[in-house]
Amino acid sequence: MSGRGRLGCVIVAVEGSEESMNALRWALGNLQLRSPAPDSSSDSGGHFVILHVQSPPNIAAGLNPGAIPFGGPSDVEVPAITAAIEAHQRRISEAILTHALQICSDKSVKNVKTQVMVGDAKEKICEAVKVLHADLLVMGSRALGPIKRMFLGSVSNYCTNNATCALTIVKGTS
């Protein structure tokens, strides 16, 4: 069987950093996806999923306001701020995915899907792996120092311990 050993679904997590885009370039240049069955008209071949996870608006902006004291309008201003933040995040996600799709186009890779999720990146990436039945997760590593990693956490470290598929972490070249 010619498709044996080839990948069906490869998720590449991107967040806009050069490290994540390098991980995408690595995946596109080094991985071989399963070919579609010759007698199948369906989309049975392998594909890449470019996954971007947005932070929820209240985390992204630190919004957790209480009611405005002394009878001020609390139901008018906060939704407008939240809507503006969500619109801004959508523009950021679109820019990141556009850049990632350009990388795919430059490498003549066409079997690519995109997905945006909202939430905690490490949890959403692992959720996508499970829901999409990924064969491999590819991600970059920003190589945080031990102090930053202690306070910020490491998405790649979390995924190493919790993703239900194989994982490749592409480290920077510097």
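Predicted model: local features only at pLDDT ≥ 70, side-chain atom pairs only at ≥ 80, totals over all residues.
Select residues 9–13, which make up β1, and then show strand β2, residues 47–54: five bridges join the two strands, which run parallel. Within this pairing, pick Val 10 and look across to Phe 48, its bridge partner in β2.

Keep β1 selected and display its side chains. In a regular strand the side chains alternate between the two faces of the sheet. Cys 9, Ile 11 and Ala 13 lie on one side of β1, Val 10 and Val 12 on the other, and both faces are covered, with each of these residues buried. Because five of the five residues of β1 are buried, the strand is largely enclosed by the rest of the structure.

Now turn to the salt bridges, of which the count comes to three. Select Glu 18 and Arg 25, whose closest N and O atoms are 3.1 Å apart; Glu 18 is partly exposed at 45% relative accessible area, and Arg 25 is partly exposed at 28%. Move on to Asp 120 and Lys 122, which meet in a salt bridge at 3.2 Å, N to O. Finally, select helix α4, residues 121–131, where Lys 124 and Glu 127 are three residues apart and therefore separated by about one helical turn. Their side chains meet in a salt bridge at 3.3 Å, N to O, with Lys 124 partly exposed at 21% relative accessibility and Glu 127 partly exposed at 37%.

Key: Residues numbered from 1 in each chain as written. Heavy atoms only, no water. Buried < 20%, exposed > 50% of the residue type's maximum accessible area, 1.4 Å probe, protein only. Helix = DSSP H or I, 4+ residues; strand = E, 2+ residues; numbered from the N terminus. Pairing = 2+ DSSP bridges. Salt bridge = Lys/Arg side-chain N within 4 Å of Asp/Glu carboxyl O.
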